[in-house]
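Subject: Structure handover

Hello,

Here is the structure for you to look over. My notes come below it.

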Amino acid sequence: MRYLTIALTKGRLANKTLELFERIGVDASGALDKNTRKLVFTNEELGLRFFLAKGPDVPTYVYYGAADIGIVGRDTIIEENKKLYEVLDLGYGKCRMCVCGPASARKYLENGDTIRVATKYPNIAKDYFLGRKHQTVEIIKMNGSIELAPIVGLSEVIVDIVETGSTLRENGLEVLEEVCPLSARMVVNQVSMKMENERIADLIRRLKNELAKGI
Ligand code: PRP
């Protein structure tokens, strides 16, 4: 039997995903084992392989078929914009993509001013401002701690993920506009979906049944 390879997003999502797999009787715990530098965990009995990757790399592994399946946030799926099948909303990792800034920046959005927007998600920011709002802005791609940008004067607003809102509150910022809701999704390589349809469909069905019981 050919291995089915599953790419997991490193960090918060990975823990939740492994818990979920555990509940349907799939042991993938070795993928999170901190005592080893081994990168790929194989479950020989079920013919599954798991590995952890940085969020934006998960759609890349799946698109090229190096992984059959990926578990990744919807934010990353939209930003990377690869041809993949999005087959399941896993319901966890719930948060929102938002335009945020100090309350004083609200007027720039209302007036449609040519402001600067700092973000880890330049494609999402571009689609939102240029595509949906028809507001010309300058997008500045950053790599983390985006909330810093309006505080130190790099940009007027940011486009970023808001989960609890505590990072914003602690930094005197607020949600100004909501772009879209987010959560963890399962994506599948388009060729794998045909070649391994039975096994993948069975996995999706079992995950769906488990999710229906509630988290
Ligand atoms: C994310 C996001 C916000 C924060 C939101 O950052 O970019 O900074 O979480 O969460 P909250 O609403 O619960 O405060 P992450 O921790 O992933 O790190 P990063 O700043 O390096 O992107």
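The notes below cover the ligand site and then the aromatic pairs.

This is a predicted model, where local features need pLDDT of at least 70, side-chain atom pairs count only at pLDDT 80 or more, and totals for chains, interfaces and linings use all residues. Residues are numbered from 1 along each chain as its sequence is written, and side-chain values use heavy atoms, without hydrogens and water.

Ligand site

There are 13 residues around the ligand, and Lys120, Glu147, Thr164, Gly165 and Thr167 come nearest (near: a heavy atom within 4 Å). By class, the shell holds two nonpolar, six polar and five charged residues (charged: Asp, Glu, Lys and Arg; nonpolar: Ala, Val, Leu, Ile, Met, Phe, Trp, Tyr, Cys and Pro; polar: the others, including Gly).

Look at the polar contacts next (N or O atoms paired within 3.5 Å). A polar side-chain atom of aspartate 160 is 2.7 Å from a ligand oxygen. For a polar backbone atom of glycine 165, the distance to a ligand oxygen is 2.7 Å. Threonine 167 places a polar side-chain atom 2.4 Å from a ligand oxygen.

Strand E9 (157–162) and helix H7 (166–170) are the elements that give two or more residues to this shell (DSSP runs, at least four residues for helices and two for strands, numbered from the N terminus). E9 gives the largest share, three residues.

Aromatic pairs

The count is four aromatic pairs (Phe, Tyr or Trp ring centres within 6.5 Å, with the six-membered ring used for Trp; planes under 30 degrees apart are stacked, over 60 edge-to-face, the rest tilted). Phenylalanine 51 and tyrosine 61 have ring centres 4.8 Å apart and planes at 70°, so this pair is edge-to-face. Phenylalanine 51 is in strand E3 (residues 48–53) and tyrosine 61 in helix H2 (residues 57–63), 10 residues apart.

Best wishes

Definitions and conventions
Polar contact = N/O pair within 3.5 Å; in protein donor to acceptor, adjacent residues only side chain to side chain.
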